[in-house]
Structures are given as C-alpha cells and as structure tokens.
Amino acid sequence: MNRQASPRDAVLKASRDYYAHRAYYEDLLGQGASSRATTKRELDFLESVFHANATHQVNDVLDVACGNGRHIIGLSRRGYRCTGSDYTPERIQVAKARAHHEGASVKLSQGDATKLAYESKFDAVLALYVLFLLPDDDSVLRCLRQVHRALKSGGVMVCNIGNPFYAGKEWFSLKTIHQGRYSQEVRVPGMRYMSIDRVQSFDSLHGVAWWQGTHVIETPDGMHIFRERERLRLLTYWDMLHYLQSAGFKEIKCYPDWNIKPTKKPKAETLIFVSRKD
Ligand SMILES: C[S@@+](CC[C@H](N)C(=O)[O-])C[C@H]1O[C@@H](n2cnc3c(N)ncnc32)[C@H](O)[C@@H]1O
C-alpha cells in the first residue's frame, strides 16, 4: 500500500533535503569574512544578553538547531559547556568536523527541536533561525515548552524570527512574498553561490509560504545544482509573545537586529527574543 506522507513529515523531509544538500557549502560560505563578522556580532550579543538576563552565571548552553555549529562552537571557544543538535544528520557531520578543526569541545548529535528530553539542565538554550521552519504551529509551541523544561530556573532562551513586516527585501518579508521572487548571489574565495526562488504558494490566513528554489553552487570541482522547496511560517512579534507566554515564559524581551537595546517598536529585519524561566 502506498502511504501518503503527513503534512508534518512532508515539511520535515523538504527541510532535511534542503539543509543536507547545502551543509558542506554553507560551512564554506560561513568562513567568508562577512559571515564570520556576522557570527561574531551574534556571539557578542548572546554573551551580553546572557549576562543581562540570566539570574546566575551561564555555563551550560544547548543549541536546538545548531546547523553547522557556528554559534555553539563559537560559545565553546569562549569557555561555555556546549551541547548542540540538529535534525539534519549531514549538518551534524559538518559541525563535528568544524568543531574538531577549531579545537572546540561540543557534544553534537542529531535531534528534533520538538523532541527535547532535557529537564532543568541548561543555563541558556538557543533556537536561532529555526522556529519559522518548523512544520506547524503545534511544533513551535511544543519546541518552546520543551526548551522551557530544559532550562534551569533563572536561565534564558534566545530565539529569533525574520520580521515579516520588515520594509526591505528579505525572503521572509511580506513585501518579497507578494512580489513572488527572491534571488541572491554570494561569493567567497573559490566559491560562488546563486539562488533564484519563487513563491509557489502563500496561505495568507495562516501566514505560510512555500518557496521553490533553484540553487547553483560553482566550486573548482564543478557546478552543483539543487532544486528544493522550503516552508516558511511568517511568525510575527505578536505570535512570538503569545507562544512564549503559552510555553511558560513571563519575562520576555525583544531586541532588534542583534542590538543590545530592547525595542517596543519592532521594525527591525530580525527580532530576537530573550525569555527567562522563573
Ligand atoms: C537556517 S538554519 C540555522 C542553523 C543555525 N541555528 C544557525 O543560525 O546557523 C536552520 C537549521 O534548522 C534545522 N532544522 C530544521 N527543522 C528542524 C527540527 N525540527 N529540529 C531541529 N533542527 C531543525 C536545519 O537542519 C538547519 O540546520
């Protein structure tokens, strides 16, 4: 019998294909000067909000969708005890190689951000650039509840979303979704990455867009072309407040674009939420 994949499984499969194909290349792109500067800025921000918001010193950190490990490896190199997981095994493989290369000690394993089995174990938990990719809103809430459980009392969660109301051109902004197209080109020494994405469908009632993309990577060993789909949930500032509160967080701050001054006027491109467990 031919069993049809559930909508949830279909999203997870699309996401896994997407991130598996570009795991190795994204790690290389991440070594470019501009990506390294971005990661450094995000790491500085993380340390600063840990210090400002946790009630005790942050030592143990979990990253629930660590990708190639750029945050969790960076934090390990700054002296934190670090654990990272990601749904896509290929990304964990690349993260392990990167951690080894950088002499960082991080516990890394494959895992689903909606199936975390920790209780009162971490001083800080990261869920960066991932919540808007989870298969449905139940998964978002489940992930936040499990992060809440994984934190020690007084510990903090840091998560972020692309702001759908951002006025500029980004793949997560309503403006771009309505235009229906997004393209980009990134170059680092020895590699050129180009992508052309178009909106395949947009459900404005639930705030869900499916992007269909063609991605071309040119490296000295040839040209690699991937075609995949990715689901994007356009989570808003108010969605996030609602879900974080429903997950049990009472102390929630929103920061714009990795600036360490919280905002009450969320007009930024990226909104970062720092939530403390009582
Ligand atoms: C845009 S990347 C961000 C990676 C990393 N947090 C960063 O900022 O570089 C999204 C990551 O989420 C992972 N992912 C997608 N769905 C997931 C899930 N249900 N559980 C854990 N990881 C997931 C993907 O494999 C991918 O590595």
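Where is the place of Tyr129, in terms of helices and strands? Tyr129 sits in the loop between E4 and H6; helices here are DSSP runs of H or I with at least four residues, strands are runs of E with at least two, and both are numbered from the N terminus. The views below come from a predicted model, where local features need pLDDT of at least 70, side-chain atom pairs count only at pLDDT 80 or more, and totals for chains, interfaces and linings use all residues. Residues are numbered from 1 along each chain as its sequence is written, and side-chain values use heavy atoms, with hydrogens and water left out.

View 1. Look for the side chain of Asp86, with an N or O atom 2.6 Å from an oxygen atom of the ligand. On its own the ligand exposes 590 Å², and the protein buries 93% of that (areas by the Shrake-Rupley method, 1.4 Å probe).

**View 2. The largest nonpolar core around Phe273.** This core has 47 residues, and Leu131, Met157, Leu244 and Phe273 have the most contacts inside it. A nonpolar core is a set of buried Ala, Val, Leu, Ile, Met, Phe, Trp, Tyr and Cys residues joined through side-chain atoms within 4.5 Å; buried means under 20% relative accessible area, exposed over 50%, and partly exposed in between (1.4 Å probe, protein chains only). Its largest share, six residues, comes from H6. Leaving aside residues up to four places away in sequence, Phe273 touches residues including Met157, Tyr237, Met240, Leu244 and Ile252 (contact means heavy atoms within 4.5 Å).

**View 3. Helix H4 under cover.** H4 is largely enclosed by the rest of the structure, because six of its eight residues are buried. Those six are His71, Ile72, Ile73, Gly74, Leu75 and Ser76. Their cover includes helix H3 (33-53), strand E1 (60-63) and helix H5 (89-101). After H4 comes Gly79, with a positive phi near 105°.

View 4. Thr83 lies in strand E2 and is buried, at 12% relative accessible area. Its contacts, not counting residues up to four places away in sequence, include Val61, Ile72, Val106 and Phe122. Thr38, in helix H3, is partly exposed at 39%.

**View 5. Positive phi at Tyr129 and Trp258.** Back to the opening residue: Tyr129 is not a glycine, yet its phi is positive, about 55°, and it is partly exposed at 30% relative accessible area. Trp258, also not a glycine, has a positive phi of about 65°. Trp258 is in the loop between E10 and E11 and is buried, with a relative accessible area of 8%.

Notes:
A polar contact is a pair of N or O atoms within 3.5 Å; within protein, one must be able to donate a hydrogen and the other to accept it, and residues adjacent in sequence count only if both atoms are side-chain atoms.
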